[in-house]
Amino acid sequence: MSSKKSPDSEKTAHFVSGWKARIGYLSPSVFETPSDWDLILPKGFTIVASGLNVQAHTTEEFNKAIEALEAGVGIFSAEECDAILLAGITLGAQRGYQTEQQVVSKLSQRVGLPVSTALNAGVEALRHLRAKTIVIATAYLLWRRSINQ
Amino acid sequence: MEKVNQSVKRYHEDTGFPVLGIAGLDVKKPVDQVKLPDYASYEVATGLFQQHPSLHAILIQGRWRSVAWVEELERDSDRSVVSSTAASLW
């Protein structure tokens, strides 16, 4: 008689990766682990990461990434993600809030998934907290040359 | 050179938030963010709070470590602190 036991289906039911949600994470550069996400990602959530190959904070690199956005989000549909996060600051800081929201809406319609951005997520959180005045701490200082340089 | 922080500041002002101050470190490429000490975001945020004590909330933006410092920053400043990473998940 075999001593092997079948897995307890109640215990293993949630062993499927991303059983609650699969979050498509489109990084301008890369997704690195361990990172802050390890501290906060709840059980049952999976990060499905892809990148846009930004290697330096230059106008050229950021524009290249913005042009690649539409093709970049397509992978998350194929990977059966539930939502997409555009990480980093590329789109919003380069094109501004209004354009960012227009592009996000268009991408969401095209891919059929909710799309949000890290920049706008901060704004939504500040609105939720009813903040009136804010300060912003960032890691970056310089990023782009003017067109004439 | 145009400062990235001015673009980030303008983005938030366009959403309706008066930005009292913005500060950062001289990171010029993505990988440099992960070379910063774990407490770098705490130090930059604390400096901003000291310069602008009338602020209502502190936003920490970027790929650098910030989540672990939110609670301590809120305790030390008695202000709301938002990490863009945590906000992204929220």
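**Entry 1: a pairing across chains.** I began where the two chains share strands. Strand β5(A) is joined to strand β2 of chain B, residues 19-23, by four bridges. The two strands run parallel. I keep in mind that this is a predicted model.

**Entry 2: one bridge.** Which residue of β2(B) is the bridge partner of Ala137(A)? I looked it up and found Ala23(B).

**Entry 3: the contact between the chains.** I turned to the contact between chain A and chain B. On one side I found 46 residues of chain A, and on the other 57 residues of chain B. Next I asked which elements of chain A give two or more residues to its side. The helices are α2 (37-40), α5 (90-95), α6 (97-111) and α7 (118-128). The strands are β5 (134-138) and β6 (142-144). Of these, α7(A) gives the most, with eight residues. I then sorted the residues on this side of chain A by kind. I noted 29 nonpolar, eleven polar and six charged.

**Entry 4: chain A as a whole.** How many helices and strands are there in chain A? I noted seven helices and six strands. I read their order along the sequence as α-β-α-β-α-α-β-α-α-β-α-β-β.

**Entry 5: burial and contacts in chain A.** Chain A has 149 residues, and 37% of them are buried. Last, I looked at contacts within chain A that have a separation of 6 or more. Of these, 74% are between residues 24 or more positions apart.

Definitions and conventions. Residues numbered from 1 in each chain as written. Chains lettered and ligands numbered in written order. Predicted model: local features only at pLDDT ≥ 70, side-chain atom pairs only at ≥ 80, totals over all residues. Contact = placed C-beta atoms within 7 Å. Nonpolar A, V, L, I, M, F, W, Y, C, P; charged D, E, K, R; others polar. Pairing = 2+ DSSP bridges. Buried ≥ 20, exposed ≤ 12 C-beta atoms within 10 Å, placed from the backbone.
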